[in-house]
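Please examine the structure shown below. The paragraphs that follow lead through it residue by residue and element by element.

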Amino acid sequence: MTDLLAYRDRFPILGDCTYLINHSLAAMPAAAEERLLEYARMWRERGIRSWGEGWWDLPVTVGDQIGRIIGAPPGSTVTHQNVTVAEMVVLSCFRQPADRNRVVYEEANFPSVRYLYQAQPELEVVPVENDVAIVEAIDERTLLVPISHVLFKNAEIQDVEPIVRRAHEAGAHVVLDCYQSAGVVPFDVTALDVDFAVGGSVKWLCGGPGAGWLYVRPDLAQRLEPTFVGWQGHARPFAFEPELEYAAGARRFLTGTPNVPALYAATAGYDVIEEVGVERIRMRSLELTQLLIDLLDAAGLEVGSPREPARRGGTVLVRTPDDAGVHRALGERGIICDFRPDAGVRLGPHFYNSEDELRGTVAALSEIVASGSYAPHAGAVARF
Ligand SMILES: Cc1ncc(COP(=O)(O)O)c(C=O)c1O
């Protein structure tokens, strides 16, 4: 596994600090800068011709690359700016839900998605405590079941299969948010039989912001009609016809002009993830997260995330007397991580992190906590 350290050279920031925030914004591959230059060159030299030379189709071609990582067939995944927009596109397929208007919602899901569902007057959000409670809460009035594959606060892997089984039995649709799993925990949306999957690229996929994505199960994509749609979702966008005729397949889930520079940058991340392979990344992630847990135990620090490999995502949480203060003190020592309210300090190693970095981090943590060198401060809030 140490051969994965050979990839460190491809991520410039790793030379400057201990980068353990891959659950939030993973390290930028140097190749992303080249891709952005290529985008600028196209814009400068090819101008309007760039649309026909790849730009227009980027939401689908880049979607296909994501599809290879998440087990989606070609033509079933498209890009959007972020998860919230992708979820809105899904919601827009179910505008008049009548009696089937419930969204069974695990409380630990990422809140942006919850806000979106709460803001829809026709929907009733039914909050539940955990993945087991989701299965119990699904009934014949359930329209949608948005699940986070890996929870953002404590990186717990959720048991997706029983939820999908129960949802389909009751006639509900499952939206799997894979943001915290794509690129670090292997999964296959086709085998899981989810109806929709959403995610983005800033985290384990190393793709940077602005490259969210949406997978729609191919048979559903033929029949659903999103009401949040635009000219990219039309069967003949360049005919500029007055009436809407949906494009075939996942293209109908598009809106307007794509986020071209973000999609250029993102492919540099996907390339390296495909090259290393998510199975290999997962093996390395389990080694590194286990080492972190062992080091934290030995230092007498409390681990706040799951210990069992089957439930463990890519991030390890440590509870501290003052997460904001400890986070700041770590930052002053060049150790980049973050913290979340009522959760703890999040340490998220990726395949390019070394054992030595983890040893140094836990040594620094122990010293900061033992010495109380996290000075008290007022009004600190969790930031990126
Ligand atoms: C599970 C999960 N979903 C969604 C998001 C973000 O959503 P959006 O792409 O709309 O910003 C995050 C984190 O930023 C997340 O951890």
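Thr79 counts as buried, at 7% relative accessibility; buried means under 20% relative accessible area, exposed over 50% and partly exposed in between, with a 1.4 Å probe and protein chains only. This residue is found in strand S2, residues 77-80; strands (E, at least two residues) and helices (H or I, at least four) are DSSP runs, numbered from the N terminus. Not counting residues up to four places away in sequence, Thr79 touches Pro59, Val62, Gly63, Ile66, Gly212, Trp213, Leu254 and Leu263, where contact means heavy atoms within 4.5 Å. The model is predicted, so local features need pLDDT of at least 70 and side-chain atom pairs count only at pLDDT 80 or more, while totals for chains, interfaces and linings use all residues. Residues are numbered from 1 along each chain as its sequence is written, and side-chain values use heavy atoms, with hydrogens and water left out.

Helix H4, residues 83-91, is mostly covered, with seven of its nine residues buried. The buried residues of H4 are Val83, Ala86, Glu87, Met88, Val89, Val90 and Leu91. Their cover includes S2, helix H5 (111-118), strand S5 (142-148), strand S6 (173-177), S7 and S8.

One of these covering strands, S6, is the place of His173. His173 is buried, with a relative accessible area of 16%. Once its neighbours within four places in sequence are left aside, His173 is in contact with Phe94, Leu143, Leu144, Val145, Asp195, Phe196 and Leu220.

Most residues other than glycine have a negative phi. Asp193, although not a glycine, has a positive phi of about 60 degrees. Asp193 is found in the loop between helix H8 (189-192) and strand S7 (196-199), and with a relative accessible area of 34% this residue is partly exposed. Cys206 is not a glycine either, and its phi is positive at about 60 degrees. The loop that holds Cys206 runs between S7 and strand S8 (212-216). Which is Cys206, buried or exposed? With a relative accessible area of 3%, Cys206 is buried.

The aromatic residues form another part of the picture. The structure holds 17 aromatic pairs. Rings of Phe, Tyr and Trp (its six-membered ring) pair if their centres lie within 6.5 Å, and planes under 30 degrees apart count as stacked, over 60 as edge-to-face and the rest as tilted. Trp51 and Trp56 form an edge-to-face pair, 6.3 Å centre to centre with 75 degrees between the planes. Trp51 counts as partly exposed at 27% relative accessibility, whereas Trp56 is buried with a relative accessible area of 10%. Both belong to one aromatic cluster formed by Tyr39, Trp43, Trp51, Trp55, Trp56, Trp231, Phe238, Phe240 and Tyr264. A ring can also carry a charge: the charged end of Lys203 sits over the ring of Tyr179, 4.7 Å from its centre. This requires NZ of Lys or CZ of Arg within 6 Å of the ring centre and within 35 degrees of the ring normal.

How do the helices H10 and H11 pack, and at what angle? Helix H10 (residues 260-276) and helix H11 (residues 278-298) meet at about 80 degrees, with their axes 6 Å apart. H10 is therefore roughly perpendicular to H11; angles of 65 to 115 degrees fall in this class, those under 35 count as roughly parallel, those over 145 as roughly antiparallel and the rest as oblique. Axes are lines fitted to C-alpha atoms, for helices over the stretch in contact, and angles run from 0 to 180 degrees between N-to-C directions. Ile273, Glu275 and Val276 of H10 make the contact with Val278, Arg280 and Ile281 of H11. These residues divide into four nonpolar, no polar and two charged. Here Ala, Val, Leu, Ile, Met, Phe, Trp, Tyr, Cys and Pro count as nonpolar, Asp, Glu, Lys and Arg as charged, and the others, Gly among them, as polar.
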